Amino acid sequence: MCVRMAWGSGVALLVALLTAADQATMGRLPESSTEVAASLNDLEASFPPALPPRFVTDNSSVVTAQTGSTALVPCVIHNIGDGMISWIRRKDYHLLTVGLTTYTGDERYQAIHVQNSEDWTLQIKFVQQRDAGLYECQVSSHPPISIFIELKVVEARAEISGPSEKYLKLGSLLRLVCTLKQSPEPPVYVFWYHNNRMVNYDNDRGINVTSELAAKTSSLVIASATRDHSGNYSCVPNNAQPASTVVHILNGENPAAMQTGGRGLSWLHCPSLLLLIASLVASSSSLSSRPCLLITTVKDL
């Protein structure tokens, strides 16, 4: 009997404690919709507002690429959020890419983007002169914002210093210096040719070739030129149009007597030649008039 009474008293006490806890919890709940809205505002205040998109790449930037290379047109942007990057070719308003999807039939165009990065570079392979112009990088924010990048396409070429024809005495030092012009990047290699033979490694023939690729220059040196070193020399970089020069090694000859180029019409300034031509013309005209006189005489008879 005593045991039952003690068990019943314990259950009653537990129920009383649970009821008191529920009432305390209910007492802390908001009593109106105003208090609910205030609680939500406090929750939103703990998260700062999203910042607007901002371009890191400068507007009106200029990118230079040489024909045949791969052009990289940059577009770096902060705080893109849910926005989408599009590339547009301005000269014909052609949509090139949206996100990582290409919308042009020209497969040379592609958007390059590493996940979680802020860089959306436009890649153009095998650049041609017709690719030059303005490109628009646009963010689909509200309202949309854009920057414009100019792509310049240049034709890289090699140039050998000095005249196109060079005259040296037998045994003289021959030095040819080749420089790359309008090349935005250095060459991988520069080959020198003597006539149709590549001579980069012809040290046994007295030819020494040295290239400074970072400086975009290459030189060919012959310490003591012989008659065998005469001929056409060509500088051929891997990424530029080649250049050529003709070398004449003289053995006592007069260089002026060997020059064939650049004469133009200088012979017209020689008075003796003009007199000779005038006399020849007069003689031919007098000879051509004689048959006419003979014909007239026959008619008169």
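## Basis of the values

Residues are numbered from 1 along each chain as its sequence is written, and side-chain values use heavy atoms, with hydrogens and water left out. Because the model is predicted, local features need pLDDT of at least 70 and side-chain atom pairs count only at pLDDT 80 or more, while totals for chains, interfaces and linings use all residues.

## Nonpolar cores

A nonpolar core is a set of buried Ala, Val, Leu, Ile, Met, Phe, Trp, Tyr and Cys residues joined through side-chain atoms within 4.5 Å, where buried means under 20% relative accessible area, computed with a 1.4 Å probe on protein chains only. The largest such core has 22 residues, of which Trp 87, Leu 122, Ile 124, Tyr 135 and Leu 151 touch the most other members. Among the elements that give two or more residues to this core are β2 (61-66), β5 (85-89) and β11 (145-154), and β11 gives the most, with four residues; strands here are DSSP runs (E, at least two residues), numbered from the N terminus. Apart from this core lies another, of 19 residues, including Ala 158 and Ile 249.

## The open sheet

Four strands form an open sheet in the order β12-β14-β18-β17, with antiparallel pairing; two strands pair if DSSP finds at least two bridges between them. β12 (157-160) and β17 (207-212) stand at the edges with a single partner strand each, so one side of each is left without a neighbour in the sheet. Six bridges join β14 (residues 174-181) to β18 (residues 217-222), and Thr 179 stands opposite Thr 217 in β18.

## Ala 243

Ala 243, found in strand β20 (residues 243-250), is buried, with a relative accessible area of 10%. Leaving aside neighbours within four places in sequence, Ala 243 is in contact with residues including Ala 158, Ile 160 and Tyr 233, contact meaning heavy atoms within 4.5 Å.

Key:
Buried < 20%, exposed > 50% of the residue type's maximum accessible area, 1.4 Å probe, protein only.
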